[in-house]
Amino acid sequence: MIIRTLLLLGLLSVGSQVWAIGIYQQPVDFIAKTFANHPPEPKALFLRGETKKQVKDILGHRYSKLRIRYWLDGKRSVWVLDEIGKERPITAGIVVNKQKIERIKVLIFRESRGWEVRHDFFTEQFIDSALNSRFNLDRQIDGITGATLSVRAVTRLARVALYLHSQILN
């Protein structure tokens, strides 16, 4: 009886971790939907000089890629970025319009915990947020108990997208 109970608890634990990992939307689908199925040609921003330094300051570490692809239509841009939550990357799609977050969505979540950041109740906090002069968001983002590292990762991605958007428009 004790062995069966332990096995059941073990299976439930593994099941909940597997459930948290998921592809919620493919990046290509996020981009297509954002531009009503007519996305502009992708462009690339090479991370060098001051841009590279500022991205590193925002993230607290060097970004893993040398160039970042983005899609720009007027003053509206789309970014698909990765950031480590606790141990594994979280991929988010971020739409910036006129220096403010228009939309943010967790596209792929690979961690065993913190998956709650994918829900609208969390991501809606970012809508209309902008960067202040110290490259922080102009508002407080409420955390989620048990998802602190995922919350921080998504917040950093929002800050990076806003900063990169400002760089491509300048």
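Residues are numbered from 1 along each chain as its sequence is written, and side-chain values use heavy atoms, with hydrogens and water left out. Because the model is predicted, local features need pLDDT of at least 70 and side-chain atom pairs count only at pLDDT 80 or more, while totals for chains, interfaces and linings use all residues.

We may begin with the sheet. Six strands form an open sheet in the order β1-β6-β5-β4-β3-β2, with antiparallel pairing. Strands here are DSSP runs of E of at least two residues, helices are runs of H or I of at least four residues, and both are numbered from the N terminus. Two strands are taken to pair if DSSP finds at least two bridges between them. As a reminder, strands of a sheet pair through backbone hydrogen bonds, either parallel or antiparallel. The edges are held by β1 (22–23) and β2 (43–46), each of which has a single partner strand, so one side of each is left without a neighbour in the sheet.

Nine bridges join β4 to β5, and eight bridges join β5 (residues 89–97) to β6 (residues 100–109); both pairs run antiparallel. G93 of β5 is the bridge partner of V80, and G93 also has K105 in β6 as a bridge partner. A hairpin with four residues joins β4 to β5. The hairpin of β5 and β6 has two residues between the strands, and K98 in this turn shows a positive phi of about 55°. N97 has K100 of β6 as its bridge partner. Seven of the nine residues of β5 are buried (under 20% relative accessible area, with exposed meaning over 50% and partly exposed in between, for a 1.4 Å probe and protein chains only). Strand β5 is therefore largely enclosed by the rest of the structure.

Helix α2 (residues 27–34) packs on this sheet and touches β3 (67–73), β4 (76–84), β5 and β6, where contact means heavy atoms within 4.5 Å. The direction of α2 makes about 155° with that of β6; axes are lines fitted to C-alpha atoms, for helices over the stretch in contact, and angles run from 0 to 180 degrees between N-to-C directions. In strand β6 lies E102, which is partly exposed at 31% relative accessibility. Not counting residues up to four places away in sequence, E102 touches R76, V95, V96, N97 and I127. The C-alpha atoms of E102 and R76 are separated by 8.9 Å, although the two residues are 26 residues apart along the chain.

Turning to the interior, a nonpolar core is a set of buried Ala, Val, Leu, Ile, Met, Phe, Trp, Tyr and Cys residues joined through side-chain atoms within 4.5 Å. The largest nonpolar core has 37 residues, of which W79, L81, I94, F126 and L164 touch the most other members. Two or more residues come from each of α3 (49–59), β3, β4, β5, β6 and α5, and α5 gives the most, with 11 residues. Leaving aside neighbours within four places in sequence, L164 is in contact with L45, L47, T51, V55, I68 and W79. Another core, of nine residues, lies apart from the largest one and includes F30, I31, F35 and V80. Helix α5 also holds T155, which is buried with a relative accessible area of 17%. Beyond neighbours within four places in sequence, T155 contacts F126, L137 and I141.

The aromatic rings complete the picture. A search of the whole structure finds three aromatic pairs. Rings of Phe, Tyr and Trp (its six-membered ring) pair if their centres lie within 6.5 Å, and planes under 30 degrees apart count as stacked, over 60 as edge-to-face and the rest as tilted. The rings of Y70 and W79 are stacked, because their centres are 4.8 Å apart and their planes lie at 25°; Y70 and W79 are both buried. F135 and Y163 make an edge-to-face pair, with ring centres 5.5 Å apart and planes at 85°. F135 lies in the loop between α4 (120–123) and α5 (148–169) and Y163 in helix α5, so this pair ties together parts that are 28 residues apart in sequence. F135 is partly exposed, at 28%, whereas Y163 is buried, at 4%.

Charged groups also meet rings. The charged end of R76 sits over the ring of F35, 5.5 Å from its centre, and that of R118 sits over the ring of Y24, 4.1 Å from its centre. A charge sits over a ring if NZ of Lys or CZ of Arg is within 6 Å of the ring centre and within 35 degrees of the ring normal.
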